[in-house]
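Start with the view below.

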Amino acid sequence: MKLRVLSASDVQTALPMAKAIEAVKRAFGQLSAGQAVMPLRTRLHTEKGVTLCMSAYLPQNQALGIKIASVYEGNPSLGLPVITAIVLIFDPQTGFPIALMDGAAVTAIRTGAAGGLAADLLSRHDTRTVGIFGAGVQARAQLEGVMAVRKVREVRILSRSQESAERLAAEIADWPDEPGVKLALTPRQVIEGADIIITATTSTAPLFNGSDLQPGSHVTAIGSHTPQAHEVDVFTVQRATVVVDSREACLAEAGEIIIPKARIHAELGEIVNGSKPGRQSNEEITLFKSVGVAVQDAAAAAFVLAEAEQRDLGFFIEL
């Protein structure tokens, strides 16, 4: 049995953000149309962290994949990343594994792509200013996703680590068509006048006061993924038109949805499919809550594999 192995660099080469947005758009559409097979993720807790298993099959794409991801908050003290993951892709005709790839890279890009798709469907077209809570891998990916669909001119960053905020700001300065970057000192400085607000942290408590949100703003919340944690306060959820990646997953895992008993307007895939409307006015406040679902991984990884086969990326191992 031959298995193609793809590194993080291979994944990043094969999956630019614009293509990732197209891939997850199609995946969300299939999910909301009932055309995907996707059980809820399973969780295996240890004393130091949690390991998640996420699997999905997309018949339209012939994409069958499983991601195993671990979240260990203490890893940075060991010089290791908080999140590590692998993705296995299988041949749906035989069940044989055909590719193994870096799952952290897949996760970062596909999650940023979901945020980019949400911004395309839910934010105002004249969006220019983005406020970000967090300065890690996912904050970067979310900004990339937004910049793939909107002409961003200003970015404000607030992180509990000034060093990480400065590092992200320096990186953005080297991007093509880079926006101006401001390092915020308070939550209000992040969201006041911002068109899009992104929460990409490990916080279990709200990061800002929802009464400071301006009419017409869009919020993407992707950091928390447990019933007890919520980066966004109840008032914001009550003010907003709420869109989720998956009703089933968010009702089981998302504190932003569970704690305030949020009224869910639509899944992202329902808006993609045209069965539910997206933004309906320039004054509307919209909220996209994502806990991350396996169809994103399967679709993104299948795209990566197809590109890898075309470009001869990675290497093979014999099992």
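This is a predicted model: local features need pLDDT of at least 70, side-chain atom pairs count only at pLDDT 80 or more; totals for chains, interfaces and linings use all residues.

Residues are numbered from 1 along each chain as its sequence is written, and side-chain values use heavy atoms, without hydrogens and water.

Begin with α2. Helices here are DSSP runs (H or I, at least four residues), strands likewise (E, at least two), and both are numbered from the N terminus. Helix α2 has 16 residues. From first C-alpha to last, α2 reaches 22 Å, close to the 22 Å expected at 1.5 Å a residue; the expected span is 1.5 Å times one less than the number of residues. Gly34 follows α2 with a positive phi, near 75°.

Which residues of α2 are buried? Among them are Met17, Ala20, Ile21, Ala23, Val24, Ala27 and Phe28. Buried means under 20% relative accessible area, with a 1.4 Å probe and protein chains only. The buried residues of α2 pack against β3 (50-58), α3 (103-122), α4 (137-147), α10 (268-273) and α11. Contact means heavy atoms within 4.5 Å.

Now the helix pairs. Two packed helices are described by the angle between their axes and the distance between the axes. Axes are lines fitted to C-alpha atoms, for helices over the stretch in contact, and angles run from 0 to 180 degrees between N-to-C directions.

Take α3 first. Helices α2 and α3 pack at about 75°, with axes 8 Å apart. They are therefore roughly perpendicular (65 to 115 degrees; under 35 is roughly parallel, over 145 roughly antiparallel, the rest oblique). On α2, the contact includes Met17, Ile21 and Lys25; on α3, it includes Ile109, Arg110 and Leu117. The residues of this α2–α3 contact divide into 9 nonpolar, 2 polar and 2 charged. Ala, Val, Leu, Ile, Met, Phe, Trp, Tyr, Cys and Pro count as nonpolar, Asp, Glu, Lys and Arg as charged, and the others, Gly among them, as polar.

Next comes α11. The axes of α2 (residues 17-32) and α11 (residues 294-311) come within 9 Å and cross at roughly 135°. That makes α2 oblique to α11. In α2, Lys19, Ala23, Val24, Ala27, Phe28 and Leu31 meet Val295, Gln296, Ala299 and Phe303 of α11. This α2–α11 contact has 8 nonpolar, 1 polar and 1 charged residues.

Finally, α11 itself. Its buried residues include Val295, Gln296 and Ala299. Asp312 follows α11, with a positive phi near 60°.

Terms used: Buried means under 20% relative accessible area, exposed over 50%, partly exposed in between (1.4 Å probe, protein chains only).
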